[in-house]
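Reader: I would like to go through this model term by term. Please give the cut-off behind each label before you use it.

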Amino acid sequence: MAPTLQHTVSPFLEPGPRTKPNSLAVLQLSRDNFVPVYLQEASGEHDGYVEGAVINTRYGSFPHSTLLNVPWGSQVRASKVDTGSRGRKRKRQLDEEAGCETSEPIEDENEKGNSNGADKEHGDGDEAKQLVTDASGFIHVLPPTPEIWTTSLPHRTQVVYTPDASYILHRIRARPGSTLIEAGAGSGSFTHASARAVYNGSPVEGKRQGRVFSFEFHEERYHKMKKELSDHGLDGVVTLTHRDVYAGGFLVGGKSPEADAVFLDLPAPWEALPLLSRQRPQLKEGEVGEAGAKPWVSPLHPKKSVLLCTFSPCIEQVTRTVSALRHLGWVDIEMVEIANRKLHTARDRVGLYLPVDRGVNNSAKDVEEAITKLTEIEERFRENARPKQSADGTEPAKQESKAATNGKTPMNGAALKYPWLDGRLVTRGEPEIKTHTSYLVFAVLPMVWTEEDEAVAMAKYPLGRERFVVSVMGKASMKEERREAMQQKQGNRKSRRKDRDEKLAEVEG
Ligand SMILES: C[S@@+](CC[C@H](N)C(=O)[O-])C[C@H]1O[C@@H](n2cnc3c(N)ncnc32)[C@H](O)[C@@H]1O
């Protein structure tokens, strides 16, 4: 694992136009094959490679130097790398481990000399080694995004996939500047998506920063994710806490995160819900004394409605969650299931009436076969269309083409039918889009409405104390309004006339 890296802004949030050293990049080997890599500047021999750090793939070797400072999305060709010293070094290590005397003389000193030379050159900023492209293949260098990370991350748990994450974030109105509580963090798939959703730029005095407060009680997962967040430069946006939220709640350092959005991917969300309340939850048995004496601090935003989503695979979990939400005053409770289907549209050519091809497989095995078949059909068609002469040359011969006799139905000069345009259009679902079938429960906890809020609203919208109500306007007030409008009009006319008279007087005088 690479050492913890230093970032100014996360490449997930602001990747910039080009790849950078000491930053995460994603190498796309094929459509669904992504490899996350921390790009390192060449600083001499690395793991036996004179070229510095090298990544080896089935499409060849790629020194990091070829991947650095290139525009995101670039296609990079494999390079020929010198594995000489690597092989010998490994062999010597193995021999040493096995306690053997090496039989071959090891030219390590010379090698070292060479690589040091390379080091020096690196240090001077020159090309260390002229790299030669290899015909073994190429890859694409992509910027890290939550979507790519979800498909390439090391799975420690079941994860929330992009179709669910994007829908959830939209429904809980996670946007730049939002504060989101997430539990549990698991493999960090949703965490990355939510960090990008709430990010609203670098900290500015007086501006509320978008933040994600994430909780995970599994110690190993917590440590792995903590390191990942730091390597990805996301620890300024995400605060990860190691805690069992059923018991410990959602405060961070004793303070309220003041969340306006909540996402719970927990086995028992109903256990956590009482702690996501504006009032002190009922004390559990034995929880008297100290816990009860402390003032209650809510983790929720006091002046905003809070939007929540829970993610549960079983309907029984949904039932218990909905019941708890109702008891705790949440409203607009709704359950949604996302079922993604990619529809593949094609022509169904099975069992078609194709006189020439009857009884054979209707689809050609490859392009060449298709072209040969079509050329043959066209040739036969032309032959049939030509008038045939009898032996004495007076009457057209009544011959039937091979196709007409063996296919039972003559083509009779009918326009040639292209088989690929025949057939009913059919659509089939492709189970290709990854998503975890779970039930999503959404709910809203309305904002607290105090007497002061009521007074402010009353002053702004004086309900019941209006001068008039639209469409039931009193006669007197209507008259008064009209009079005011007339007076204003007359006033305008008078002042315009006065201006004009003054100008005329000036001109004449
Ligand atoms: C399904 S995983 C979450 C996956 C995550 N949403 C993602 O997209 O990668 C559920 C996580 O919740 C954690 N968890 C379960 N009970 C918890 C609790 N009481 N407090 C905190 N975390 C908990 C588990 O350790 C597990 O890592």
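Author: What follows is a set of questions on the labels applied to this predicted model. Residues are numbered from 1 along each chain as its sequence is written. In this predicted model, local features need pLDDT of at least 70 and side-chain atom pairs count only at pLDDT 80 or more, while totals for chains, interfaces and linings use all residues.

Reader: Why is α6 called largely enclosed?

Author: A residue is buried if 20 or more other C-beta atoms lie within 10 Å of its own, exposed if 12 or fewer, and partly exposed in between, with C-beta atoms placed from the backbone. In α6, 10 of the 10 residues are buried, so the rest of the structure largely encloses this helix. Among them are F190, H192 and R196. For the protein chain of 509 residues, the buried share is 26%.

Reader: What do the buried residues of α6 pack against?

Author: They pack against α4 (146-152), α5 (162-171), β7 (179-183), β8, β9 (238-242) and β10 (261-264). Contact here requires C-beta atoms, placed from the backbone, within 7 Å. α6 lies across β7, β8, β9 and β10, at about 165° to β8. Such angles run from 0 to 180 degrees between N-to-C directions, and the axes are lines fitted to C-alpha atoms, for helices over the stretch in contact.

Reader: How do you know which strands belong to the open sheet, and in what order?

Author: Two strands pair if DSSP finds at least two bridges between them. Seven strands form the open sheet, in the order β9-β8-β7-β10-β11-β15-β12, with mixed pairing. β9 and β12 are its edge strands, since each pairs on one side only. Four bridges join the parallel strands β7 and β10, where L180 stands opposite A261. β11 (306-312) and β15 (439-445) are antiparallel over seven bridges, and V306 faces L445 there. β12 (331-337) and β15 are also antiparallel, over five bridges.

Reader: What makes β1 and β2 a pair?

Author: Seven bridges join β1 (23-30) to β2 (33-39), against a requirement of at least two. The two strands run antiparallel, with A25 bridged to V37, and a hairpin of two residues joins them. β1 also pairs with β6 (132-142), over three bridges.

Reader: Why is a group of residues called a nonpolar core?

Author: Such a core is a set of buried Ala, Val, Leu, Ile, Met, Phe, Trp, Tyr and Cys residues joined through C-beta atoms within 7 Å. The largest one has 52 residues, of which I172 and V262 touch the most other members. A second, separate core of 15 residues includes L24, L27, V37 and L67. In the case of V262, the residues touched are I181, L276, V306 and L308, not counting residues up to four places away in sequence.

Technical notes: Two residues are in contact if their C-beta atoms, placed from the backbone, lie within 7 Å.
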